[in-house]
Amino acid sequence: MTTPVPVCVEAVLESQIQEVRVEGDGQDIQEVYAPQLSMSENLAKLANKIDFYKDECEEKGKPTSEGEKESEEEKATTFQPSLWPWDSVRNKLKASLTEMSVLLDVLNIAKRKNYMVLDQVSQPAPDPKTALQLASKKQALTTSANILMNSAERLKKSQAEGTSKHNDFHIELLKLRQNWRLKKVGNTILGDLSYKTAGSRFWQGGTFEVLKTTTSTSTEPEGSVTKGGLEVVIPNDLRGVAYIQVEVKSVPEKMDLTSAIMRLPSELGTVHTGTYWQQKLQAAQNVLFCKEIFSQLAREAVQTNSSVPHLVVGNQIITNVFPGIQLSIILCHSTGKEKNKRPPPAPPKLDHNHVLEHSLHQLLRELHYKNIHYPPPHPVTAMIGVSKKRRMAGPLAMCRQDLLEMADNESLLEQVIKQTKHHVLRQKTMGVLDRYAITLSDPQLANHWNCVNSSLESSCRVLITSQGYDLRIWHSFMVHIYVDKIKVITREGRVLILSYEEKELEDFILWQISQHQISVSQNLCRLMGWHMLNTTGALGVSDLESSATASALVMASPNHNKALAIKSGPSTGTKVFIQSCPKENQSRIVTKDEKWSFVGCEFQEVDMNKFEGRNFPSKLETLMAVLTRTAT
Amino acid sequence: MMDPQLAQALKAAPTNEYLLQGSILDSSLEVLLCRLKGLCDHADSPEEKFVDHEMVYAIKNASIPQPLQYSVRHSLVQPENWQLRYLGHSEMGDKSRHTLIRNCVDVATSDNVLQFLHEVGFRLDHEFVVKGFYFHKGRMKVTVSKIFKMMQQGHTTDNLESIVPSYLVELSVLATAGQDAIAEDMKNFAEQLKPLVQLEKIDHRRLQATGT
């Protein structure tokens, strides 16, 4: 008999390769091994491999059909089983005895620790961090305690205050219901602050929740508005304050639109948490409205194919109205949260356009109105939402062109751009006219703006007068300003169309002034009994004017021995020439009549600056008076 | 052969009328109008009135016992608006369907449509004047109207006699085929008018059967 050799039964001490890393150019190959399994892990792994179901099937299946057959066959070889009636009973008893002994063995093994130790198969749980658990438990307890305490306090308060608080809430709710749409869903009261019922089709809803306030009023800051027992909860994206800001800026022509910086004014109003619900709801509604305007404009800016590209950057829409003039529409929305982080600097002076902002609001309201106000159908069986003109399109046999025109719907953005163009043009025209009115003293300009105008059309009458002579002699023209052109109508009824360029209007004004000087001279001539010899509105001789043409007038004194020529040009100014008659000239003349004495005489320029007088007509009057007197 | 564009346009045209009807007594008119004003879209403007004159023309066909009928309507408020309307067979459907559905083709015409119908062979069957109020909510059209009998043919303004002391209330939507979601909306709207007026789908054939 040999001495017993202990055989250690355990897994081969080999680590499994988990991963093979190839580094570099395939030279360096590294094998990453999986960590060794512990005994229990190994057992668990092996246990996983056992198909318990299979064993069960074999054990259970055999006694019923196959097992019996096998045993019968066995018995048939040893002794005749069919001859013994208790055979099946014996078999069953034998099987149960085997089971019992196996069970006993298992129990023995389990009970007496010298054979086998039963260990938990599963991996040991990570050791609990007791400190953390304790802390979290403590926190949970304190929060729940706080909740309980608060509710108890609330209950106490509501009991103490009795019914007064309760009524307060209901009265407030009644007031709220008179102004806002409310409905009850389950236990909550929901309201709607959107413009849907007014015809809006904006995707964003404006649902708010109505709550009963139960917080103590003592914590509120002093001076806050006394609010009732009602609180409204507004969705996050509608909180704060928003507005649409429209700016019309002149930018250098070469500037790239994309380089325009996006900026948000730092100072925006905030809604305090303590404000009355009415103001809160109104602010939220305004936020919603501004958002709708902006999203509508942004959609149109992207969709429309215009020659001028519209740019939508973040919360800003930029477009060019005229070369060098940029329109930017900005949606400003502050939720009021940023304010807490840093104190805002002093509000910068924003150069924005109130009128256009207002008209944007107006345009969207109009759109809303159109959405729900259909023209009434007549007869009543006719389709709704169709205008009378459209209904009559069939019977009147309208052509495709007419129908297309009818379908043409001007977008919000287009309308705003038009208004902006008109606005810019009006400002420019005003600037030019005012500048001339201020700088010119001879003659003078007076602008009379019509108080009746529209957002796309305005007009102005410009009077040109000379001081002291303005009762009888004046020159005027009308200026009509449209979207991108200016129409001027002169006194004679001549109509000129000018573009948005300032220079064109300036040239026109200068030309009108030169015309005015001639008409003043004509008038003086008539008044003082001089004879007008020749007048022309477009002088073909002399220096060329930078724009338009000069006009001229030649007149003779009452007794025909002196003649004056006046030339007035837009750029060269007014010049007066006198025809002087040299003495020797008289001898050359064939006819003795005095009126022929001027023929062939030269004109000499008169220095009008040497004359006394406030303006050109008074100087001319002096000159004419002198000439009339010397002649007699 | 029909122009494909026209065929497409006709396919897109709304030809199905979803209809609910009810009636109220004259005395409760004010209350219903008030409710409708609150529910419908143009709450801020005064209610829209209408006066229409309807003439129903029929032509007999030897093969079909039922005469073919066309109704010509023209507004007495805007007299230049004429309309020719064909109403198809109305489908009651089963309980799951909330409204009556009938085929309906409306054509705007000029005023000489009467002459045209005469020349084609139609004869005037009956005529009446409808006066009432019109409301709308979205695509839904609500009319509250009273039907007047014309004592003298062709006189639409005088010699009118009301037939019954009640108003006919109709809720209708014109839509393309297969838009059954509308029926649901209409049912909900009818629910909101419930105590004031009971709007239901009314089988006209049964009415005709009891009438004869």
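## Fold of chain B

The model is a predicted one. Of the 212 residues in chain B, 25% are buried. Among contacts in chain B between residues at least 6 apart in sequence, those joining residues at least 24 apart make up 62%.

## Two sheets in chain A

One open sheet of chain A has five strands in the order E11-E12-E13-E14-E15, with antiparallel pairing. Strand E11 (444-449) and strand E15 (495-498) of chain A each have a single partner strand, so these edge strands are left with one side lacking a neighbour in the sheet. Direction ignored, neighbouring strands in this sheet are turned by 20° against each other on average. Within the sheet, strand E13 (residues 474-481) and strand E14 (residues 486-489) of chain A run antiparallel and are joined by four bridges. A:Val479 stands opposite A:Val488 in E14(A).

Helix H11 (residues 412-439) of chain A packs on this sheet, where it touches E11, E12, E13 and E14 of chain A. Its direction makes about 150° with that of E11(A). Helix H12 (residues 502-527) of chain A lies across E12, E13, E14 and E15 of chain A.

A further open sheet of chain A is made of five strands in the order E16-E17-E18-E19-E20, and its pairing is antiparallel. Its edges are strand E16 (531-536) and strand E20 (603-606) of chain A; each has a single partner strand, so one side of each is without a neighbour in the sheet. The twist from one strand to the next averages 20°. Four bridges pair strand E19 (residues 573-579) of chain A with E20(A) in the antiparallel sense, and the bridge partner of A:Val576 in E20(A) is A:Val606.

H12(A) also lies across E16, E17, E18 and E19 of chain A.

| H11(A) | E11(A) | about 150° |

## Nonpolar cores

The largest nonpolar core has 38 residues, and those with the most contacts inside it are A:Ile244, A:Ala284, A:Cys290, A:Ile293 and A:Leu360. Elements giving two or more residues to this core include helix H6 (277-303), helix H8 (354-372) and H11 of chain A. H6(A) supplies the largest share, twelve residues. Not counting residues up to four places away in sequence, A:Leu360 touches A:Ile244, A:Val246, A:Ile293 and A:Val416. A second, separate core of 25 residues includes B:Leu20, B:Val169, B:Met186 and B:Val197.

## Contact between the chains

In chain A, 16 residues are in contact with 23 residues of chain B. The side of chain A that touches chain B has ten nonpolar, four polar and two charged residues.

## Confidence

The pLDDT of chain A averages 79, and 77% of the residues score at least 70. Confidence in chain A is highest in E14(A), at 95, and lowest in helix H7 (residues 338-341), at a mean of 46. The pLDDT is below 50 over residues 216-226 of chain A, a stretch with six contacts in the model beyond near neighbours in sequence. Over residues 339-349 of chain A the pLDDT is also below 50, and this stretch has seven such contacts.

Terms used
Residues numbered from 1 in each chain as written. Chains lettered and ligands numbered in written order. Predicted model: local features only at pLDDT ≥ 70, side-chain atom pairs only at ≥ 80, totals over all residues. Pairing = 2+ DSSP bridges. Axes fitted to C-alpha atoms, helices over the stretch in contact; angles between N-to-C directions. Contact = placed C-beta atoms within 7 Å. Nonpolar A, V, L, I, M, F, W, Y, C, P; charged D, E, K, R; others polar. pLDDT = per-residue confidence, 0-100. Buried ≥ 20, exposed ≤ 12 C-beta atoms within 10 Å, placed from the backbone. Core = buried A, V, L, I, M, F, W, Y, C linked by C-beta atoms within 7 Å.
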